[in-house]
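Visitor: I have a structure to look at and some terms to learn. Please walk me through it.

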Amino acid sequence: MHRGVAVLAGRRNRLFGCAHKEPATGVPLMGHETQAQTMKIDRSTPVLVTGANGYVASWVVKRLLDGGATVHAAVRAPDDAARTEHLHRLAHGAPGKLRLFRADLLDAGSYASAMSECGVVFHTASPFVTRVKDPQRELIDPALLGTRNVLEEASRTDSVQRVVVTSSCAAIYSDAIDCARAPGGKLTEAIWNTTASLDYQPYSYSKTLAEREAWRLAEAQSRWRLVVVNPSLVIGPALQKRPSSESFNIVRQLADGTMKQGAPRFALGVVDVRDLADAHLAAAYLPDAEGRHIISAHDTDILELGRALLREFGDRYPLPRRALPKWLLWLVGPLVKGGLPRRIIARNVDVPWHADHGKSVRALGMHYRPLQESMVDMFSRMIDDGMLPKR
Ligand SMILES: NC(=O)c1ccc[n+]([C@@H]2O[C@H](COP(=O)([O-])OP(=O)(O)OC[C@H]3O[C@@H](n4cnc5c(N)ncnc54)[C@H](OP(=O)(O)O)[C@@H]3O)[C@@H](O)[C@H]2O)c1
């Protein structure tokens, strides 16, 4: 038996602190077996997922439904079929149950009915966009006030025992160059982003403020435990047909010829959305899970993401094959519409990116799939769903 399951079987009641109407029943979740994937889901209390229709959250919802959970899915527009149709499809035939609730991060108290009776809260809702006109209104307010709104509701809801917050590696660093300043040259859970601001990398700033607020609220009470996942850039197939997450813009640019002459060696980490969903479940259901967790499979860069697609799609799409020189990017980057500011180029291109994901392996049982599998599955799904032209 997996250590995680054995631990869970013996100590589950301590986590949920309630009598069970029926024994928790587990479903091995798929693919290669990891501690996270053999997780048993407690079916006795429903769970809340905020922003349930999003790219990341939809996979969390799928894992929960496949494991037999009752999922309270909080979305802004439950009646908008285009945004929720995939959630109904996931529930169809799954052992779990889906209930949709209307809630908005900026409406105080709007998560109360969705959270009622829930044992676990997965707080994933937060805008992931990088091109904004008004960072305070478009990023900071929904991330920070939204986290406050959801977690204060958890403190008022007696059934809640655990809150899993989807933070980001962006709450740890702003630029790849920050890795060089980290002990041993690697980002760890001990590090906080101190360089992002309203004017510089405001998305990273929004995630930093939101996660700090989550820890402040967790420490102000003693019933529920906060467990945080800090993913790097998420890749892999979407469950919805028109994902709005920023993750898809990079792949679109790899496919549409924007980087035909070369791609920047813009350093970053990546993780598959399916592995990230497993991390969320492990963070929720492993009794000993605590603190922050870097969830990142590969230390890589934009050119390598493109190269991972070459074998499968290189003859049909204008994928990048070589690196764009940094000096050239530095010269033209700021002049191109939607291009990169020089400060970002200087601090991220041709600079190594390293993160230590050891805690996620040891504590959550993470097992990360290969980069090529994630990229090929994502690209194929984008073609099938009409996000990329068929060739
Ligand atoms: N994708 C990545 O590479 C990545 C990496 C690290 C961390 N993350 C984190 O993962 C989480 C999910 O991101 P994602 O990539 O899945 O992006 P996504 O598909 O755009 O999901 C964002 C979700 O947040 C919801 N949301 C935004 N503003 C809201 C508001 N005012 N009230 C209620 N809901 C609101 C969106 O709802 P609507 O559909 O109604 O807009 C959507 O469901 C975010 O916390 C993000 O910071 C993502």
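Visitor: How many helices and strands does the secondary structure of the chain come to?

Guide: The chain has 15 helices and 12 strands. Helices (H or I, at least four residues) and strands (E, at least two) are DSSP runs, numbered from the N terminus. The model is predicted: local features need pLDDT of at least 70, side-chain atom pairs count only at pLDDT 80 or more, and totals for chains, interfaces and linings use all residues. Residues are numbered from 1 along each chain as its sequence is written.

Visitor: Why are α2 and α9 called oblique to each other?

Guide: Helix α2 (residues 55-66) and helix α9 (residues 273-285) pack at an angle of about 60°, with axes 9 Å apart. Axes are lines fitted to C-alpha atoms, for helices over the stretch in contact, and angles run from 0 to 180 degrees between N-to-C directions. Under 35 degrees is roughly parallel, over 145 roughly antiparallel, 65 to 115 roughly perpendicular, and the rest oblique. Therefore α2 and α9 are oblique.

Visitor: Which residues make the contact?

Guide: Y55, V56, W59, V60 and R63 of α2 meet V273, R274, L276, A277, D278, H280 and L281 of α9. Contact requires C-beta atoms, placed from the backbone, within 7 Å.

Visitor: What surrounds the ligand?

Guide: 29 residues surround the ligand, and the closest are G51, G54, Y55, S126 and S245. A residue is near a molecule if its C-beta atom, placed from the backbone, lies within 6 Å of it. The elements giving two or more residues to this shell are α2 and β9 (233-235). Helix α2 gives the most, with 3 residues.

Notes
Contact = placed C-beta atoms within 7 Å.
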